[in-house]
Amino acid sequence: MLTLLTRFHLYITRVLLNVNIGVRLFALMGLAAFVSLLLTLAGMWGLAASRDSLRSVYENRMPALQQLADISTLMLNNQRLLLKALSEINIEASEERRGILVMNKASALIAADAIKKNIASIESVWRSYMSSALSDSERTLANQFEKSRDTYLNEALLPAVVSLRDANYAKTQILSIQTYTLYNQASPHLQALIQHQFDTSQLAYSTGLKRYSNMRLVAYVALGMAIFLMSWLGVILTASIVNPLKQVIAVFNNISGGRYDSRITIAGRDEISEVMAALQSMQSKLGEDELAIHQLAFYDQLTNLPNRRLLRDRLQRAVSISTRSHQFGGVLMIDLDNFKSINDTLGHDVGDLFLQEIALRVQSCLRQSDTVARLGGDEFVVLLVDLSQHEAQAAMQAEEVGEKILTAINQPFMLANQLQHGSASMGLCLFRGQNFSIDELFKRADIAMYQAKNNGRNNLRFYDPKIQDSLEARIALETELHAALTENQLRLYYQIQVDHVRGVLGAEVLLRWMHPKHGLVFPDQFIPIAEESGLIVPIGEWVLRTACAQLKSWSKNPATSNFILSVNVSARQFRQPDFVADVCKVVAQTGANPQRLKLELTESLVLHNIADTTDKMNKLNGQGIHFSMDDFGTGYSSLAHLTNLPIQELKIDRSFMRNITTKHRDAVIVQAIIDLAKSLGIAVIAEGVESEEQRICLERFGCQSYQGYLFGKPMPLEDFEKLSRSDHAVIRNTAGDLALAI
Ligand code: C2E
Ligand code: MG
Ligand code: MG
């Protein structure tokens, strides 16, 4: 039964959910109105039943009862009138009737008239009674009474009226007795009729009462059922509105809390179901948008790998976990060695494909728990977690993964129908706990990666703290170098250049930095920084301007007017588009003789962009400026190119000097360089000459110009000028010509 009711309840609930809420409310209200109407009708019907009962008792039965009672009264009254007339008697005094009882005539007549009237009333009341609607049983009783009444009237009462008129006492007395007897015979019939009225009334009353009770029961049951039905429907209706609304609220709360996975049940087809459906699509749209936003915010669009932001997040978490687990983790910075050239030569689309392929390959080398992220460009970072608790073992594990990645990247790629070979430089740093900040970890891996790059690329390096110290010092130096120019901390040192009889040819100007804290800083420590930061351009200009100004100053003195100054030019400086114009401007502004100016270029610089180099050198050469090939012998020494360049001097690198007297190989190279220069008609100078043996050896090979500690270290101007005036330095006076030993 219970299951049946539950099923019914569920069925109605389901049906209701398929009906609009408006229709549902309207139906409920309609039902309420219908039930109220039914109850009202039932009440009215009950009242009508009561009224019928009352009418049947009071309106139908009471007049008949009254008539019968009147007849009874009238009949009794007749008896009383007869008795009264009989009681008023006289005793006859006349002789013949002496002793006979004689009625009072007047009283007898009054009684006779009264009885006559009563008879007429009885007649009239009876007729009226008989003319009313009588039931069969009542009519049977009435007929019985009518018969006994007629006997009573005709056989006793009417004769009694006659005898009363006659004032006949004896007859009246006899008839009175007869009347009484017949009255007694008729009276039970009348009583039966009266009783019948009572019985009928009783029946009508009890029927009415019963109908009323039944009606009341029906009303109670109907009311109870109506209350139950209305409450039940109300509950279902409320539930059908409130429950989905609760779900809507819950979904909204979840959405505002950033959760888009709420289960939404669309139970029917009503308005709320429509709201639910709209909410469902809104939720899934928001979920998709959120996913897209998440994807945009945390993933690299090209490779779908986590981006820097997500990596930082994961690294932060990995650091926290490692604090608890005491296990090492690793940050592996990957920089592709040849990406730029692939991008430049094959185009960006192919470059993108290459990066996607790299992403897949790196990913395939990792465990699920590890992360590979792309930071941008060709820079990837791998986060390794759950490594060993022992540093050495953790390092081995990390290195193993690194090597695996390197091997994967080294496998050839088929890009744009061409076989490409990838390689990468990787820097690895380990971490355990929160000893270092996230930025510090990135920095360390980055330092290690640069170390791998400097190490010849396509290899993996672990972070080395010493390198970091020097890097930090280098960064600090770069900041300070900015101030060096403006705060006049740069100095030019002059290193004397002499010929085979120690005649002063001039000098090479070498830059020094008088650092306020560190003292004298040598160019090896700051020229590369100046190169990288671009500061070499204004610094180089300052060197050139100072050297030219010095040439100008020397030109006024015959003892120094022939000095030649060699100025080092760095690659970045030379590659400036305005380099030629800038040099010419400085020469013009200072008034220096370009013939006395020599620019030192290195082989690698010259050969990098040979067309640009040739053009610039030719232009400057055209102005009278000479060129010296610095550090010659260490680079590629592309002889073919050398012949096409306006080079006036080869400067044999100082590295050959050390062993020139002892190592046959070095001696042979130096000899070859000198021979080559001779055959090309180019002057030659040896730098780094420290001993007389070396000088003699060089002289023997045919080199007659020298620079080195043997003659003088790089020194301030005053010292150089002093040195050039001193005995051992022979100042050549051959005006105009360069002292080149050919
Ligand atoms: P470089 O042009 O090859 O300069 C010669 C270097 O050899 C100088 O080092 C000099 O002090 C050193 N040297 C000269 N004779 C001897 C010797 O007998 N024995 C030894 N062991 N060394 C000797 P410095 O001054 O430290 O300069 C180093 C490099 O810095 C230069 O090499 C040059 O490439 C660069 N440099 C110096 N000044 C400038 C500059 O003004 N501009 C540019 N772009 N580079 C400069
Ligand atoms: Mg030099
Ligand atoms: Mg050199």
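A residue is counted as near a molecule if one of its heavy atoms lies within 4 Å of it. The model is predicted, with local features requiring pLDDT of at least 70 and side-chain atom pairs pLDDT 80 or more, while totals for chains, interfaces and linings use all residues. Residues are numbered from 1 along each chain as written, chains are lettered from A and ligands numbered from 1 in written order, and side-chain values use heavy atoms, without hydrogens and water.

**View 1. The shell around ligand 1.** Of the 23 residues around ligand 1, Gln495, Asn568, Asp630, Arg654 and Glu690 come nearest. Strand β11 (503–515) supplies the largest share, 4 residues; α13 (523–533) and β15 (626–632) each supply at least two. Helices (H or I, at least four residues) and strands (E, at least two) are DSSP runs.

**View 2. Polar contacts of ligand 1 (N or O pairs within 3.5 Å).** Oxygen atoms of ligand 1 lie 2.9 Å from a polar side-chain atom of arginine 512 and 2.8 Å from one of aspartate 630. The protein buries 86% of the 790 Å² that ligand 1 exposes when taken alone (Shrake-Rupley method, 1.4 Å probe).

**View 3. The magnesium ions.** Glu508 (OE), Asn568 (OD1), Glu600 (OE) and Asp630 (OD) coordinate the magnesium ion (ligand 2) at 2.0 to 2.3 Å. Donors are N, O and S atoms within 2.8 Å of the metal (3.2 Å for Na, K and Ca); water is not among the atoms, so sites may look incomplete. The magnesium ion (ligand 3) is 3.9 Å from the magnesium ion (ligand 2), and aspartate 630 coordinates both.

Key:
Polar contact = N/O pair within 3.5 Å; in protein donor to acceptor, adjacent residues only side chain to side chain.
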